[in-house]
Amino acid sequence: MMGKLYLQESLSDMSAEFLQFLFSGVTLGATYALVGLGFSIIYNASHVINFAQGEFVMMGGMGTVFFLGLGLPMPVAILAAIALTTLFGFGLERFAIAPARGASVVTLIIITIGASIVMRGLVQVVWGKEFHAIPAFSGDEPITIAGATILPQSLWVLGVTVLLVLALRFFFEKTIMGKAIIATSLNRDAALLMGINVRFVLFISFGLSAALGAAAGILVAPITLTNFEAGIMLGLKGFCAAILGGLGNGMGAVAGGMIVGIAEAMGAGYLISEYKDAIAFVLILLVLFFKPSGLFGKTGTERV
Amino acid sequence: MDKLKSPRTGGLLILMAIIAVLPAFLDNAFQVEIAILIFFNAIVCIGLNLLIGYAGQISLGHGAFVGLGAYGSAILTAHQGWDPLLSMVAAATFTGVLCFVIARPILKLKGHYLAMATLGMGIIISIVINTEDQLTGGPDGMYVDGLSFMTSQIHWYWLIGAVLVFSVWASLNLIHSPIGRALRAVHGSEVAAEVVGVDTTQYKVLIFVVSGVFASVVGSLGVYYSNFVTPDIAGFFHSIELVVMVVFGGMASTFGAVVGAAILTILPQVLTFLHDFEHLVFGLILMLTMIFLPKGLVPTLADLFKKGDKS
């Protein structure tokens, strides 16, 4: 009798614990999904992997801290930070990627690495090295669900991510600009011949990616704190998400982000918390060994 | 005389001359230290350049191999009491075998997927080094005794300088051997290379192992030189730094790798007067060079000279 009661109790403890890990996993996962989407959008339009994507995320968070410091109300500060980051995205395309057209993939990767160093350096010089927090959007009072707790900010992360993903789907499927981006990613020359302004498509993609990154950075900043180096790991894990889902597959990146986030939370909770940051990379290696083009990627053939 | 003008022998002689006379111009221990650091980086970059520049396979995780060499040597000498040189060989063997085992699944990947896999492998190794602190000292690093017969800094200068010359020589010879030609075929078009009978996988694996062993040996020598090692050596930033050196100097150019290593080792030292602005300016220089000289310094300059010869 006692044993059965104990078992029931520990079972509900176990499921509460599981739920707790799941909550933190999907919160992380949503963030990685947004970062991964940013990688996908730029990759689709330009076949460039933007190693400054994490710095867009950092700039969103740090920018919001700065504008809040100026005394602006929260919504205005958030919009201003997204606008600032978007400008950096536009600038990266116009002044660094466009002039280097025709350079090899490795050269382009190094240019974006250079851009990430510049952005970190700039933020460090202008806004300092300290860690900053953004106040949570609607309080810090945890909500209890079936024995597990979730922060209101996590719900913001999830809700806004869902909205952004839906809005992007609409953008890519229903608007002229979105369709132009898809057309460019499928065949750049054909798109050009059909009268699509390919340069403008690239320009918009970098801005869009930067805005998405900034949004992700602002959403998680109240949970994780932010400083000039906050984008490095987020960027790398977002890259994992994009690769896991198959590069250039937007919905794949979202799924990839969720898988990485949940695996990380479960692995850290049940297995070894010291190796929390390694989980995403172990996962990606295992997947790539068996499916060399990601979980949902096309297995294309090389044309000779 | 013509043989001297060829980059193979001529370049090697110039490099030897520079290494021979350089100590006369170095005023203090710090400058000698920087020169030794350049040699170390150049040796890793020569190996990495074989992989990136000639075989066309990117690696964003080469810092991890330097780290394996460094920590392999450090752990075997400090904890197990092994002879330093034996430890170095053991670490290099371990790194070589590891490269051999992971090469096949990893090099099957292409482009950005390969970049991701090598990056992930590097980060995993660096996290392991950071976490297993009983063995590695964790983020604080660990101390190791040096080589007993290397009693002064200038000994190290000559030793590492000699290793550098040997590495350049070995790399140039490899490139001009049938293996080198096969590698260039792999870089040009893997499918075409296979069609004409090149066993592309075998060559890619070979170069991956060679470049990994280069990195490991440098890691071992570096730890005996400085008597100290921290996990940064295996980190993501070190890996990126190495790739940047290769591309900055010029891919598919052995001397480009040396020049890239030299400039990007000196540049941060020169920029320290900028204090907080150091990283910002470093990033800008990097971006501008790659935008305006996408092929890297040495190949661009070589093209200029060729044009000048004709006119």
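This is a predicted model: local features need pLDDT of at least 70, side-chain atom pairs count only at pLDDT 80 or more; totals for chains, interfaces and linings use all residues.
Visitor: Two residues are in contact if their C-beta atoms, placed from the backbone, lie within 7 Å. Among contacts in chain B between residues at least 6 apart in sequence, what share joins residues at least 24 apart?

Guide: The share is 76%. Residues are numbered from 1 along each chain as its sequence is written, and chains are lettered from A and ligands numbered from 1 in the order in which they are written.

Visitor: How does the confidence of chain B look, and where is it lowest?

Guide: Its mean pLDDT is 88, and 96% of the residues reach 70 or more. The lowest confidence in chain B is in helix α1 (residues 2-5), with a mean of 54, and the highest is in helix α4 (residues 62-78), at 95. The model as a whole scores ipTM 0.86 and pTM 0.88.

Visitor: What is chain B built from?

Guide: Chain B has 15 helices and 2 strands. Here helices (H or I, at least four residues) and strands (E, at least two) are DSSP runs, numbered from the N terminus. The radius of gyration of chain B, taken over C-alpha atoms, is 19 Å, close to the 19 Å that the globule rule gives for 311 residues, so chain B is as compact as a globular protein of that length. That rule is 2.2 Å times the number of residues to the power 0.38.

Visitor: And how many helices and strands are there in chain A?

Guide: Chain A has 11 helices and 2 strands, in the order α-α-α-α-β-β-α-α-α-α-α-α-α along the sequence. For its 304 residues the globule rule gives 19 Å, and the radius of gyration is close to that at 20 Å, so chain A is as compact as a globular protein of that length.

Visitor: Is B:Ile266 buried or partly exposed?

Guide: B:Ile266, which lies in helix α13 (residues 254-270) of chain B, is partly exposed because 14 other C-beta atoms are within 10 Å.

Visitor: Which residues of helix α9 in chain B are buried?

Guide: In α9 (residues 178-188) of chain B they are B:Ala182, B:Leu183 and B:Val186. They line one face of the helix, because they fall within an arc of 105° seen down its axis; the arc is that of the directions from the helix axis to the C-beta atoms. Their cover includes α3 (29-54), α10 and α11 (200-226) of chain B.

Visitor: How do the chains meet, and which helix of chain B gives the most?

Guide: In all, 36 residues of chain B are in contact with 37 residues of chain A. On the side of chain B that touches chain A, α6 (111-131), α10 (190-195), α12 (236-249) and α14 (278-292) each supply at least two residues. The most come from α6(B), with 12 residues.

Note on methods: A residue is buried if 20 or more other C-beta atoms lie within 10 Å of its own, exposed if 12 or fewer, and partly exposed in between; C-beta atoms are placed from the backbone. pLDDT is the predictor's confidence in each residue, from 0 to 100.
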